[in-house]
Amino acid sequence: MRVEYINPFVEAAFNVLKEVLVNSDVRRGELYLKSASTPVLGVAAIVGLAGDVEGRVLFDMNRDTALAVASVMNGEQLATLDDLAKATITELANMITAQAVTKLHDLGFQFDLTPPAIFTGDNMEVSDQDVEALIVPMETPQGKIEINVAIRERA
Amino acid sequence: MKTKQDFPAINERKPDGFRPDGAAYRVLIVDDSVFVAKQLSQILTSEGYDVVATSGDGQAGLDAYKELYPNLDLVTMDITMPKMDGITALEKIIEFDKNARVIMISALGKQDLVKKALVMGARNYIVKPLDRKKVLERVAQVLLK
Ligand SMILES: [Mg+2]
């Protein structure tokens, strides 16, 4: 997978997180590569891409982080990962992906997005056939959010 | 000691959520995200608007519009929704009431769909993430026209 695909997602994640977490300290961690199936941290919003390139982007975090992020975005402390909290994380994924895709379109890539879906649970795995995933951890005061991108050009 | 309340409120602005006759503007929110719907509702309610209904997809939004008509001043319309998308719902609402005031709520990167909506009769659009100032400005613009 080409590294240039992930940069728009990292930039967009940085911008959107800064905005929705109200100017808190958001830092980008070190990029790493993972092949085969990817265990997720507990809450994962997934967006699919189809067109010139295909694949998926995963926004992955543990439950405490998801709840803390959703609480900030709602301006109130949410007690459980209920429908509102899930919709909030889904919308976060939506906003980050939309911003990243605008950049990728400007670079000349044409593709569509599937609406984000959210998964929660322990010991979940996402299996990507033959696609290695690039992961960039974003550190926020609410915890770590991993941007996990697996994209390939269509054969 | 003088407190703020001792001064006459000469600079107090009338909230935008009220019509010239003093009644609150009535708003229908159509959005499949409970988060976005709640955010919009909080922003609008805080300025005096009356959010009379919230629908989770385009079909429900269209049905709600017909039911509430003519006692409705504004619709906020999401674009990507299950069952019926916001562009189709907009089209059907305008078909039913050509004077309908609909504002599109869009994610970034949907310029083509937003343009299409504006050509079809949407009055304005707001790009997410939503912030209070942006939402209230666009809504007030549409209602004052
Ligand atoms: Mg939507």
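The donors of the magnesium ion follow the spacing D-x45-D-x1-T along the chain. In this predicted model, those protein donors are B:Asp32 (OD), B:Asp78 (OD) and B:Thr80 (O), and they lie 2.1 to 2.3 Å from the ion. Donors here are N, O and S atoms within 2.8 Å of the metal (3.2 Å for Na, K and Ca), and since water is not among the atoms, sites may look incomplete.

How open are two of these residues? B:Asp78 counts as buried at 4% relative accessibility, while B:Thr80 is partly exposed at 38%. Buried means under 20% relative accessible area, exposed means over 50%, and partly exposed is in between (1.4 Å probe, protein chains only).

A quick word on the ground rules: residues are numbered from 1 along each chain as its sequence is written, and chains are lettered from A and ligands numbered from 1 in the order in which they are written. Local features need pLDDT of at least 70, side-chain atom pairs count only at pLDDT 80 or more, totals for chains, interfaces and linings use all residues, and side-chain values use heavy atoms, with hydrogens and water left out.

Now for the salt bridges. A salt bridge is a side-chain nitrogen of Lys or Arg within 4 Å of a carboxyl oxygen of Asp or Glu, and a search of the whole structure turns up 14 of them over all chains. Here are some of them.

| Pair | N to O distance |
|---|---|
| A:Lys103 and A:Glu11 | 3.0 Å |
| A:Glu91 and B:Lys128 | 3.2 Å |
| B:Glu137 and B:Lys133 | 3.5 Å |

Take A:Lys103 and A:Glu11, which meet in a salt bridge. A:Lys103 sits in helix α3 (residues 83-106) of chain A and A:Glu11 in helix α1 (residues 6-20) of chain A, so the pair ties together parts that are 92 residues apart in sequence. Helices (H or I, at least four residues) and strands (E, at least two) are DSSP runs, numbered from the N terminus. A:Lys103 is partly exposed at 25%, and A:Glu11 is partly exposed at 45%.

Next come A:Glu91 and B:Lys128, joined by a salt bridge. This pair crosses between chains, from helix α3 of chain A to the loop between β5 (124-127) and α5 (132-144) of chain B. A:Glu91 is buried at 3%, and B:Lys128 is buried at 9%.

B:Glu137 and B:Lys133 both lie in helix α5 of chain B, four residues apart, about one turn of the helix. B:Glu137 is partly exposed at 38%, whereas B:Lys133 counts as exposed at 59%. Elsewhere, salt bridges that share partners link B:Arg19, B:Asp21, B:Asp73 and B:Arg101 into one network.
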